[in-house]
Amino acid sequence: MAISLSELIQKLDTTLESDRYRDYCPNGLQVEGKSEIKRLVTGVTACQSLIDAAVEQQADAILVHHGYFWKGEDAAIAGMKRRRIQKLLQHDISLIAYHLPLDAHQTMGNNARLADILGWKITGPLEPQNRQNIGFEGELDKPVALADFGKQIASGLNREPLLIAGGEHPVKRIAWCTGGAQDYIDHALALGVDAFISGEISERTVHTARECGIHYIAAGHHATERYGVQAVGDWLAADCGIEHLFIDIDNPV
Ligand SMILES: [Zn+2]
């Protein structure tokens, strides 16, 4: 089975509601390749290794969470960016990217999928006042010590998280936002939860956690954002009958 590139983009735009978001990069088609898609490769970031793997798999398109053309980056197509785009164009492979829409989708988004994988119950949005909200508030079945919560995350994501204790209290009510959302710890504080989970950490995050009495868990930017794009790829495969292959290019951050 095949789907036309334009139909695929339209389907993704509609389902992920991409026009709801003011984002840091263009969402949707970023580099145009062949007009028919039979085989789709998904991945977290459109790095050279993912492109090389997609070429090897004879993919027609690549769908990622982290694409190109970020606000503030040098607009010139040179160096690393040239090599990546050159390979895509050479092999007629489209690059499709969705950033915030892929974090936020209520069932296939990174934040919803993280809750599924780790068995967390969603109870509300992380930022109730923000119409571009992407994270969630939620809770665990029963209270656990921070160290045990860390072990649950490690086994679910296959990666050891960094735990910053904000006191002695157990973890029951939580909030989370995948990726580089460590500064959203302030929104978690406003909710009064026991712990906040994101991907990365900054030096200042440690002080906020310790001084404001909230546990902070850095579970990995890549590790927390592997699941949304996979879910979307699986849905497209089931819905349009195309082949889908998720390729995980390891990233320790
Ligand atoms: Zn990210």
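How exposed is K11, in terms of relative accessibility? K11 counts as partly exposed, at 23% relative accessibility. The views below come from a predicted model.

**View 1. A salt bridge links D239 and K11.** The closest N and O atoms of this pair are 2.4 Å apart. D239 lies in helix 10 (residues 227-240) and K11 in helix 1 (residues 5-16), so the pair ties together parts that are 228 residues apart in sequence. D239 is partly exposed, with a relative accessible area of 46%. In total, 12 salt bridges are counted in the model.

**View 2. K87 and D52 join two helices.** Their side chains form a salt bridge, 3.1 Å from N to O. K87 belongs to helix 3 (residues 79-90) and D52 to helix 2 (residues 48-56), so the pair ties together parts 35 residues apart in sequence. K87 is partly exposed, at 23% relative accessible area. D52 is also partly exposed, at 31%.

**View 3. K81 meets E73 in a salt bridge.** The N to O distance is 3.0 Å. K81 is buried, with a relative accessible area of 12%. E73 counts as partly exposed, at 32%.

**View 4. Three residues hold the zinc ion.** The protein donors are H66 (NE2), H221 (NE2) and E225 (OE). They lie 2.0 to 2.2 Å from the zinc ion. H66 sits in strand 5 (residues 61-66) and H221 in helix 9 (residues 221-224), so this pair ties together parts 155 residues apart in sequence. Both H66 and H221 are buried.

View 5. Strand 8 (residues 136-144) and strand 10 (residues 171-176) run antiparallel, joined by 5 bridges. Within this pairing, E137 has A175 of strand 10 as its bridge partner.

**View 6. Strand 13 pairs with strand 4.** Strand 4 (residues 39-45) and strand 13 run in the parallel sense, over 4 bridges. L40 stands opposite H244. Side chains alternate along strand 13 (residues 243-246). H244 and F246 point to one face and are buried.

Conventions
Residues are numbered from 1 along each chain as its sequence is written. This is a predicted model: local features need pLDDT of at least 70, side-chain atom pairs count only at pLDDT 80 or more; totals for chains, interfaces and linings use all residues. Side-chain values use heavy atoms; hydrogens and water are left out. Donors are N, O and S atoms within 2.8 Å of the metal (3.2 Å for Na, K and Ca); water is not among the atoms, so sites may look incomplete. Buried means under 20% relative accessible area, exposed over 50%, partly exposed in between (1.4 Å probe, protein chains only). Two strands pair if DSSP finds at least two bridges between them. A salt bridge is a side-chain nitrogen of Lys or Arg within 4 Å of a carboxyl oxygen of Asp or Glu.
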